[in-house]
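This briefing covers confidence, sheets and helix packing in one model. The sequence and structure come first, followed by the points grouped by topic.

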Amino acid sequence: MAPAQCARVQRVFHFGKGKSEGNKAMKDLLGGKGANLAEMASIGLSVPPGFTVSTEACEQYQAAGRALPPGLWEETLEGLRWVEEYMGARLGDPARPLLLSVRSGAAVSMPGMMDTVLNLGLNDEVAAGLAAKSGDRFAYDSYRRFLDMFGNVVMDIPHALFEEKLEAMKATKGVDNDTDLTANDLRELVGQYKNVYVEAKGEQFPSDPKRQLQLAVLAVFDSWDSPRANKYRSINQITGLRGTAVNVQCMVFGNMGNTSGTGVLFTRNPSTGEKKLYGEFLVNAQGEDVVAGIRTPEDLDAMRDHMPEAYAELVENCDILESHYKEMMDIEFTVQENRLWMLQCRSGKRTGTGAVKIAVDMVNEALVDRNTAIKMVEPGHLDQLLHPQFANPEAASYKGKVITTGLPASPGAAVGQIVFTAEDAEAWHAQGKSAILVRTETSPEDVGGMHAAAGILTARGGMTSHAAVVARGWGKCCVSGCSSIRVNEIEKVVAIEDKMLYEGDWISLNGSTGEVILGKQPLSPPALSADLETFMSWVDEVRQLKVMANADTPGDALAARKNGAEGIGLCRTEHMFFASDERIKAVRQMIMAPTVELRQKALDRLLPYQRSDFEGIFRAMDGRCRRAERLSQEGDIGVVGGGRGQRDLAVSLAVKRPFLAPWCSPRRWGGCTRHAGVRGTLAASFMRVDDEVVMGAAAGVDANVDEAGVRGTLAASFMRVDDEVVMGAAAGVDANVDERRSWTVGSTAVVAVTGRRPGRTIVRLRVSHSEDAAVHHAAPTGANQLPHLLHPCDEDGSSCTWWQHAGVGFLCGSGSGSQEQEAPFVSSVHGRHRRVLGQHSASLAGCLLAVDARWDRRKPAYQQTRLPVTIRLLDPPLHEFLPEGHVEDIVRELCAETGAAEDDVLARMEKLSEVNPMLGFRGCRLGISYPELTEMQARAIFEAAISMTNQGIQVFPEIMVPLVGTPQELGHQVALIRQIANNVFTNMGKTIDYKVGTMIEIPRAALVADEIAEQAEFFSFGTNDLTQMTFGYSRDDVGKFLPIYLAQGILQHDPFEVLDQRGVGELVKIATERGRKARPNLKVGICGEHGGEPSSVAFFAKAGLDYVSCSPFRVPIARLAAAQVLV
């Protein structure tokens, strides 16, 4: 019986207009470029025919020790024959010459990192045949380009050797540009280039076209494992790919005279996100001239003037591709004798600003939905938006120092010292220096230095050059195409206009304007756009994982709230001790104290400092929703809290600006109660006050909101809800009335009328002032009853209920006195929410409530948002608080500060000395050994909390015991904390809610988490120490070997930056599962730096944690990462 024949796995896929064996979903197999070429061809765009050798073939090539897998060359020749038949031309045939491009293309875009060869198939005979058909100049220009590129990419001959010949030829002929060379000049240059092969490699240029193709395919496969490609993948954390595909495509020519050209464009501005074609074009050129920055191109508008028909087709193709891919696209194209050819498309690299605007605009254009938009913005994009800008670019101190201007290739600001090589940029960065990499032009080999540099300045290259594209992808400031500078890398000097600058000189770059500024310019924090606020409101509607912040000062806490933090997940008390000389002296007195009495005396000095600090942080984290920090946009609705004064203002309708902070987002209004947003627009006028608050009101009603600092008279308006229900100041309820209900609360009378529309119930509320203080609740009547829809409130609003689901919202008016008002405003339906509306009761008028008929869930009408503050008790070893320097100087300083004798100080220092302090006398071990230390900190926390509560500030402290390894350690500290809490509550006559929990940072604690959870009300994983102890790596010493581990692939990532999910992550899951078995309502979070790293945040969300906590400026990144897990 004959053996079964295995079906051959396809490794070569062809494509041509209307004929493709692949599609855009096959990126893993065909690479991004190959998949998109196949897709463009299949939807009917003009794509030069070709074939793709799969990434699987590259993987096989690498596995075979860089040898072609059996049968692959024969399959490649089959693909070549298909292209030859399609084009009616032959590779190597002078009479019907077929020239090819050979390009790389991995599943993930790696611009410029791998190799490309153009014009393949030329030799002396084919060049002569091509000259006979298309002219001498075109033929020999293409031939010399091919010799240069093939020699550099395939034969590893330095490009500079060919460049020298070209520059010498231009100098001899007295021309500036290669386009000015004649056909004879180019023919002579071809001969010189062929001699370079012999001089550099000792062998002739390979003239057999099929041999050229085979060598080019191998070179592209080899480029997958080149140093620059490996470094790019390492920097961008690209893992798990098979390799690169090889795209072999029929050449089209942009260098056939003034009716030809080449260009690169983005369908929207990648820097700003503006919906306008953004790109560059060169007449009589090939693609490498644009991409490599060999010539500085013209703006894309130049193409419209030179080739209007091709330009019109290009614009149409851009619309087609955006609609098809639902993305901003990066497109390469060539025009050959007025015919447009599409060479490549891919999702365009963009800046943070561009990414957010594009996502928001595409939702508004109904091109994508919100979930898709959330996936379009990378966490790194938000990181870019949090980078600083120049403080005052309009000041004379800035304008007067601008020495030249180039192209604004990648926005942002950079300040640093000049370096001229990528190697120097990396070295300076490793020394903690800020470097500006200055180059004539960058190449892919510079990628490491480009990443290390604070900014990049190039003399050549356009907005789509290598430097620009790579810099934008990283959010790196870049000024390119600065033609007025002359760079001398050997002498390490750059001439800028009439100034000579040397290595180490300071310059500043403005990537948003292209300005180069002499010296160091001051930077300021970035400004957040309205688009970002809109986008983040969508993010917060999706995510389930809470995001808190690590904050040690009131300033940190305020920054955290501004960035949307929902509390403080880690407040490190030890940082407070360094805030002043008095504090650190008191700490040192405590450390040096030989007796409990003296130690207590020092702690008594520290108590008011700690209490004051906690008061400031509690104040910053006040959970009351008194006013919206930022207001709503596109009809999403929020509430600006109540007012006092001559007139009571119940509410104001806040529109136009979305909330960035989730505690008062468009889905939480009426005292921070959740809702999913009433969508609509005001059809009449708005008022913007202090560039922040926009309100609408009934004609003639004064607005006086003291808490928001707003005063104004607002015009009558109409509201459209879901494009279905329209309500206005004088509008009745256009529906069948089914129910009428009325009651009074205090001095406020309420009448509710419900009616029906298709799929919806309308509730109209009429509220007026009354002297009757009795509470009356009419029995519901009518066919379409909504039981308990509206309830009267207790004095504090605690019994109020309301219906909540997608689309709910109250639309109410405001006013006072006996008159009735009917204006479309937002409020809670109840008139006695003192914390929202101020100290005086306020009347509501003209309220309308749109209710989906399916709603069946009720929530409190007034609900304050709890913003917990998690305070870690003292953690570091005590010796960290001692002075630094020589022992004699330390002893002298401590004696002067504490009054102790030298012998006593020396003895105490010796006792505090540790061989391995990170595993020594720190954390809960301090509190157990010195219980008075825990007592002081706990007392400060509770006294501060009650003091703030008495001032009307909502406080919810969580006390965290660090470095616990046994349940007994935690039990000791919990008992002590609760004893202090009861004492303080008794003495101050008030009780507050609080929690006591622990940090899980010792592997043993994770393994016995069920026992620890019996004492702990929450876990917070300290992933920094947990990583250190799990790996056995010292954070202070890991730098000695970690670069080697990363370079050799022993580790894929720095485990202190990206969570080790297999090891440390497994401990997190074990501790969470075991802890919740013992205490089902156990709150679990993470407060290490991994809380702001996107892939780690995704892991924590999937592991079921309740929150992550990170630095204040990484809060938006964590919020986005938490949402992207769910979409």
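A crossing is left-handed if the near helix is turned anticlockwise from the far one by less than a right angle, and right-handed if clockwise. By that rule, helices α32 and α34 cross in the right-handed sense. The model is predicted: local features need pLDDT of at least 70, side-chain atom pairs count only at pLDDT 80 or more, and totals for chains, interfaces and linings use all residues. Residues are numbered from 1 along each chain as its sequence is written, and side-chain values use heavy atoms, with hydrogens and water left out.

**Confidence**

- The mean pLDDT of the chain (the predictor's confidence in each residue, from 0 to 100) is 77, and 76% of the residues score at least 70.
- Helices (H or I, at least four residues) and strands (E, at least two) are DSSP runs, numbered from the N terminus.
- Residues 1-6 have pLDDT below 50, and this stretch has zero contacts (heavy atoms within 4.5 Å) beyond near neighbours in sequence.
- Over residues 625-863 the pLDDT stays under 50, and the model has 593 contacts beyond four places in sequence for them.
- Where pLDDT is low, the predicted coordinates should not be read in detail.

**Helix packing**

- Helix α32 (residues 1023-1031) and helix α34 (residues 1064-1078) have axes that come within 10 Å and cross at roughly 115 degrees. Axes are lines fitted to C-alpha atoms, for helices over the stretch in contact, and angles run from 0 to 180 degrees between N-to-C directions.
- Leu1026, Thr1027, Thr1030 and Phe1031 of α32 meet Val1064, Leu1067 and Val1068 of α34. This contact has five nonpolar, two polar and no charged residues. Ala, Val, Leu, Ile, Met, Phe, Trp, Tyr, Cys and Pro count as nonpolar, Asp, Glu, Lys and Arg as charged, and the others, Gly among them, as polar.
- Helix α6 (residues 159-173) packs against helix α7 (residues 183-201) at about 150 degrees, with the axes 10 Å apart. The two are therefore roughly antiparallel (angles over 145 degrees; under 35 is roughly parallel, 65 to 115 roughly perpendicular and the rest oblique).
- The α6 and α7 crossing is right-handed, and the contact has nine nonpolar, one polar and five charged residues.

**Sheets**

- Eight strands close a barrel in the order β25-β26-β44-β45-β46-β47-β48-β49, with parallel pairing; the twist averages 25 degrees from one strand to the next. Two strands pair if DSSP finds at least two bridges between them.
- In the pairing of β25 (residues 546-550) with β26 (residues 568-572), which is parallel and spans two bridges, Asn550 stands opposite Leu570.
- An open antiparallel sheet of six strands runs β2-β1-β3-β6-β4-β5. Its edges are β2 (19-20) and β5 (116-120), each with a single partner strand, so one side of each lacks a neighbour in the sheet.
- Strands β3 (residues 50-53) and β6 (residues 245-250) pair in the antiparallel sense over four bridges, and Thr52 stands opposite Asn247.
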